[in-house]
Amino acid sequence: MDNRSITSLGKYISYLLRHHPEAAGLSLDCHGWAGVDALIEGVRKYKYEGFSREILDDVVRTDSKGRFTYNDDGTMIKAYHGHSVSVDLELCETVPPDSLYHGTASRFVKSIEKEGLLPQNRLYVHLSTDTETAMSVGRRHGQPVLFQIDCASMVRDEFKFYRTGNGMWLTKSVPPQYLSRI
Ligand code: HQG
């Protein structure tokens, strides 16, 4: 299977595991896990008849952001980040670096400077450790703009941060006083 098809399947699986599991007849448990057999069956029925465990393993192994993980015995799968469905991802509170970055589009700047960063349709605000990654996240939405987050002050003010298994930083919101445009 070529890389483009693997990427396209990864996008579909992200959609199912983060936003609309019911679209392929799946359900997630309270921690966001789906059964691997049920996922394979759902993808076969709704997206690609030739889908298999081998292809799923390729999707998981080659994903550019390491978006997915299996449980220990390989019978369950979940996405590490990006969810809009209400699940408890069992994230551990972790002290972040002093600064993290968020890339967005220029048309959101006014509102962000007024309200701060809000999770919008997702469960958390997603933050990056480096400016290049943040720029590419922002570019998905339009003309990219970068904000630096003063995590050291947020930690001092008792905001909580979580690190996902694939290295993303999540927090519930970032009020405007901790943001600076760079
Ligand atoms: C913006 C992708 C107006 C926010 C990425 C963003 C990431 C506001 C957009 C992950 C706002 C929401 C998440 C406010 C925030 N007013 N706009 N007060 N607060 N926004 O896609 O961070 O590739 O839900 O800046 O790489 O872009 O899918 O969030 O522009 O890691 O695995 O509202 O999703 O990962 O957009 O992306 P999103 P995001 P995947």
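Q: Which element gives the largest share of the shell around the ligand?
A: In this predicted model, the largest share of that shell comes from α4, which supplies 3 residues.

Q: And which elements give two or more residues to the shell, and where do they run?
A: The elements that give two or more residues to the shell around the ligand are β4, spanning 99–105, and α4, spanning 109–115.

Q: What about individual residues, which ones come nearest to the ligand?
A: There are 20 residues around the ligand, and of these Arg18, Lys65, His102, Ser111 and His141 come nearest.

Q: How do the shell residues divide into nonpolar, polar and charged?
A: The shell around the ligand is made up of 6 nonpolar residues, 8 polar residues and 6 charged residues.

Q: How far does lysine 65 lie from an oxygen atom of the ligand?
A: A polar side-chain atom of lysine 65 lies 2.4 Å from an oxygen atom of the ligand. For histidine 81, a polar side-chain atom lies 2.8 Å from a ligand oxygen atom, and for threonine 104 the corresponding distance to an oxygen atom of the ligand is 2.7 Å.

Q: How much of the ligand does the protein bury?
A: Taken alone, the ligand exposes 780 Å², and the protein buries 89% of that area.

Q: Where does the ligand sit, then?
A: The ligand sits in the largest pocket.

Q: Changing topic, into which domains is the protein divided?
A: The protein is divided into domain 1, covering 3–79, and domain 2, covering 99–181.

Q: How far apart do the C-alpha centres of the two lie?
A: The C-alpha centres of domain 1 and domain 2 lie 27 Å apart.

Q: Back to the ligand: from which domains does the shell draw at least three residues?
A: The shell around the ligand draws at least three residues from each of domain 1 and domain 2.

Notes:
Residues numbered from 1 in each chain as written. Predicted model: local features only at pLDDT ≥ 70, side-chain atom pairs only at ≥ 80, totals over all residues. Heavy atoms only, no water. Near = heavy atom within 4 Å. Polar contact = N/O pair within 3.5 Å; in protein donor to acceptor, adjacent residues only side chain to side chain. Areas by Shrake-Rupley, 256 points an atom, 1.4 Å probe, with all protein chains shown as cover. 1 Å grid on protein atoms, 1.4 Å probe; cavity = no way out; pocket = protein on both sides within 12 Å on 5 of 7 lines; lining within 4 Å. Sits in = over half its atoms within 2 Å of the grid points. Helix = DSSP H or I, 4+ residues; strand = E, 2+ residues; numbered from the N terminus. Nonpolar A, V, L, I, M, F, W, Y, C, P; charged D, E, K, R; others polar. Domains from an automatic or database assignment.
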